[in-house]
Amino acid sequence: MPAGPLTNDSGADAPLLIERQDDRVVATLNRPHKRNAIDQATIDALHLLCAELEAIPRTLILTGAGGIFAAGADIAELRERRAADALRGINANAFVRLSELPMPVIAAIDGYALGGGAELAYAADIRIATPSLAMGNPETGLGILAAAGASWRLKEIVGDARAIELLLTGRTVKAEEALDVGLVSAIHESADLLPAAHAIADRIAHNDPAAIIATKRVFRAPRDRHPAVDQEAQAELFESPEKFRRMTDFLERRTR
Ligand code: COA
């Protein structure tokens, strides 16, 4: 369990600002003076947010304050961490939990998403960004590896060849290239970034939440679980009242 306060409602200087709506939550990384570097307090707040979204599933929009997504794990904390801390997977476990949330996670990325900030974004289901995007994993330059998801998620997103080149060089990818290689699915001007994320959440909200949850879960299942995992999930949905309601709606609309 995370340490720290039991709620995420700790005021305007909290490391993660949370805005709740019926069908979605917007969480804003909020350490702009440290370029939203992800410290232990941010990780604790992310765990609390995950607990809330596991209990009451809603779409999550994740973004950053001050024209930045996140400039990485907090290097001041990282420098003091030792082998035992690495083995605890402090950031990796939080990002895995986030990626396993029942409903979709949308990362709305303005400016820098570096190191752990990039890995947090890789853990999202959908990534959109602004023209000032600068994304990458410079960890090897700091004498460590990108161990909070980049080594497996980045290649799932952009393929092996591109991922290993990015990880070995530590170079930063700008908006145009990120769009080209599928690292992000759209680019919007800063002022349009959150509205665009909400528009995606709106589209998701029109669909059946149970079907969305099943789609995300089945999509993430290991290869050898298919097609059984698809069929089991579909069997449940085939019996759901919402399926009958939606299909009847469609058929009756056509005959009206
Ligand atoms: N961890 C801890 N502190 C960080 C940080 C990080 N990842 N990134 C930025 N900061 C802090 C700086 O130390 C500085 O703090 P100070 O004002 O107390 O000195 C403050 O945030 C502003 O950073 P600064 O470098 O002056 O901002 P900038 O706008 O000139 O540059 C970046 C922005 C993102 C290019 C630059 O901060 C940077 O390279 N950060 C580290 C990126 C990185 O290596 N990430 C991987 C970590 S695993």
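Reader: Where is proline 227?
Author: Proline 227 lies in the loop between H10 and H11. Bear in mind that this is a predicted model.

Reader: What is the peptide bond from histidine 226 to proline 227, cis or trans?
Author: That bond is cis, with omega near 0°. For background, most peptide bonds are trans.

Reader: Staying around there, which residues are buried in helix H10?
Author: H10 covers residues 209–219, and Ile212, Ala214, Lys216 and Val218 are buried in it.

Reader: S4, then. Which residues of S4 point one way, and which the other?
Author: Val105, Ala107 and Ile109 point one way, while Ile106 and Ala108 point the other way. All of them are buried. Because five of the five residues of S4 are buried, the strand is largely enclosed by the rest of the structure.

Reader: What does S4 pair with, and in which sense? Start with S6.
Author: S4 and strand S6 (residues 126–129) pair in the parallel sense over four bridges. Alanine 108 has isoleucine 128 of S6 as its bridge partner, and alanine 107 has arginine 127.

Reader: And over how many bridges do S3 and S4 pair?
Author: Strand S3 (residues 59–64) pairs with S4 over three bridges, in the parallel sense. Leucine 60 stands opposite valine 105 of S4.

Reader: What is the order of the strands in the open sheet?
Author: The order is S1-S2-S3-S4-S6-S9, six strands with mixed pairing. S1 and strand S9 (186–187) stand at the edges. Each has a single partner strand, so one side of each is left without a neighbour in the sheet.

Reader: What is 3.0 Å from an oxygen atom of the ligand?
Author: An N or O atom in the side chain of arginine 35. On the nitrogen side, a ligand nitrogen is 2.9 Å from a polar backbone atom of alanine 71. A ligand nitrogen also lies 2.8 Å from a backbone N or O atom of isoleucine 75.

Reader: How much of the ligand's accessible area does the protein cover?
Author: The protein covers 58% of the 870 Å² that the ligand has on its own.

Reader: Back to arginine 35. Where is it found?
Author: Arginine 35 is found in the loop between strand S2 (24–29) and H1. At 46% relative accessibility, arginine 35 is partly exposed. Its phi is near 55°, a positive value in a residue other than glycine.

Reader: What about the phi of asparagine 36, positive or negative?
Author: Positive, at about 55°, although asparagine 36 is not a glycine. Asparagine 36 is in the loop between S2 and H1, and its relative accessible area of 2% makes it buried.

Reader: Last one. What does the side chain of aspartate 74 make a polar contact with?
Author: With the side chain of arginine 31, at 2.9 Å. Aspartate 74 sits in the loop between S3 and H2 and counts as buried, because its relative accessibility is 10% and the cut-off is under 20%. Besides Arg31, aspartate 74 touches Ala37, Ile38 and Asp39, not counting residues up to four places away in sequence.

Terms used:
Residues are numbered from 1 along each chain as its sequence is written. This is a predicted model: local features need pLDDT of at least 70, side-chain atom pairs count only at pLDDT 80 or more; totals for chains, interfaces and linings use all residues. Side-chain values use heavy atoms; hydrogens and water are left out. A polar contact is a pair of N or O atoms within 3.5 Å; within protein, one must be able to donate a hydrogen and the other to accept it, and residues adjacent in sequence count only if both atoms are side-chain atoms. Accessible areas come from the Shrake-Rupley method with a 1.4 Å probe; for residues, only the protein chains shown count as cover. Buried means under 20% relative accessible area, exposed over 50%, partly exposed in between (1.4 Å probe, protein chains only). Helices (H or I, at least four residues) and strands (E, at least two) are DSSP runs, numbered from the N terminus. Two strands pair if DSSP finds at least two bridges between them. Contact means heavy atoms within 4.5 Å.
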